[in-house]
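Please walk through this structure with me, one element at a time. Keep the sequence beside the model as you read.

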Amino acid sequence: MEELTIDLTYGTALFEAAKETGKTEIIKEEALELIKVLDREREFCDFLKAPGISAVEKKEALQNIFRGKICDELLNFLCILIDKGRMIHFERMVKVYLKLLDKEEGLSYGTVYSVVELGEERLRELEEETSALLQENVKLRNEIDPGLIGGIRILVDGKIIDASLKKRFDDLSSQIC
């Protein structure tokens with residue numbers, strides 16, 4: 001539970017700083033790229049997370065490598081994480097940042113469940129229809145659920161749109177009983 005609070009606190013702080021400076025998109029792109037770099041360079045990532053290495057050494061390494069390559073706000077954020085021993089949470093903090101950015105832009109993500117994989121065109125149509133219905137910009141990903149029998153079920157931010165045959169059979173069954 002404490003980890004969620006840490007992720008939310010720091011992710012929100014990063015988002016607020018990005019908004020104040022007008023660099024939300026730059027920080028988004030750079031943070032996502034930085035996650036890829038840290039994932040590829042496991043030794044460097046372990047170095048940044050190692051409790052036995054001083055914060056001064058870690059921040060010096062960060063600045064030598066990333067100064068001029070990422071914006072100062074993100075570099076400063078990383079230095080704060082080093083000082084507070086929170087570097088291990090960086091990726092989850094960025095996820096919080098991305099969710100806040102999506103919310104700011106009125107974007108929601110959801111899942112459309114279907115018996116067979118939906119084509120890109122059908123997925124876009126469902127995004128448009130769902131966006132109009134929920135009055136927000138919705139991006140959907142498709143997951144296969146053979147238990148539906150037919151039709152689709154859409155889940156967005158806890159809201160369910162169920163147009164499946166299984167739902168129709170369940171409704172019919174409850175009316176008969």
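On one side of helix H2, Glu-29, Asp-39 and Arg-40 are exposed; exposed means over 50% relative accessible area, buried under 20%, and partly exposed in between, with a 1.4 Å probe and protein chains only. Helices are DSSP runs of H or I with at least four residues, strands are runs of E with at least two, and both are numbered from the N terminus. The buried residues of H2 are Thr-24, Ile-27, Glu-30, Ala-31, Leu-34, Ile-35, Val-37 and Leu-38. They cover an arc of only 165° around the axis, which puts them on the same side of H2. The arc is taken from the directions that run from the helix axis to the C-beta atoms.

The length of H2 can be checked too. Its 17 residues, at 1.5 Å a residue, should span 24 Å, and its end C-alpha atoms are 24 Å apart, which agrees. The expected span is 1.5 Å times one less than the number of residues.

A note on the source: this is a predicted model, where local features need pLDDT of at least 70 and side-chain atom pairs count only at pLDDT 80 or more, while totals for chains, interfaces and linings use all residues. Residues are numbered from 1 along each chain as its sequence is written, and side-chain values use heavy atoms, with hydrogens and water left out.

Now take H3. Its buried residues are Phe-44, Cys-45 and Leu-48. They cover an arc of only 100° around the axis, which puts them on the same side of H3. These buried residues pack against H2, H4 and H5.

Next, the cores. In soluble globular proteins, nonpolar side chains tend to be buried together. A nonpolar core here is a set of buried Ala, Val, Leu, Ile, Met, Phe, Trp, Tyr and Cys residues joined through side-chain atoms within 4.5 Å. The largest has 32 residues, and Leu-74 and Phe-90 have the most contacts inside it. Helices H1 (2-21), H2 (24-40), H3 (42-49), H4 (55-66), H5 (72-84) and H6 (90-104) each supply at least two residues of this core. What does Leu-74 touch, leaving aside its neighbours within four places in sequence? Leu-74 is in contact with Leu-14, Ile-27, Glu-30, Ala-31 and Phe-90; contact means heavy atoms within 4.5 Å. A second, separate core of nine residues includes Leu-118, Leu-123, Leu-140 and Val-156.

Move on to the strands. S1 (residues 107-114) and S2 (residues 137-144) pair in the parallel sense over eight bridges. Two strands pair if DSSP finds at least two bridges between them. Ser-108 stands opposite Val-138 in S2, and Thr-111 has Arg-141 as its bridge partner there. S1 also pairs with S3, in the antiparallel sense, over five bridges. On that side, Val-112 stands opposite Ile-154. Seven of the eight residues of S1 are buried.

S1, helix H7 (residues 120-134) and S2 make a right-handed β-α-β unit. Right-handed means that, with the strands pointing away from the viewer, the path from the first strand over the helix to the second runs clockwise. Ser-131 lies in H7. At 15% relative accessibility, Ser-131 counts as buried. Setting aside neighbours within four places in sequence, Ser-131 is in contact with Glu-136, Asn-137 and Val-138.

Finally, the backbone. Most residues other than glycine have a negative phi. Gln-135, not a glycine, has a positive phi of about 55°. Gln-135 sits in the loop between H7 and S2 and is exposed, with a relative accessible area of 73%.
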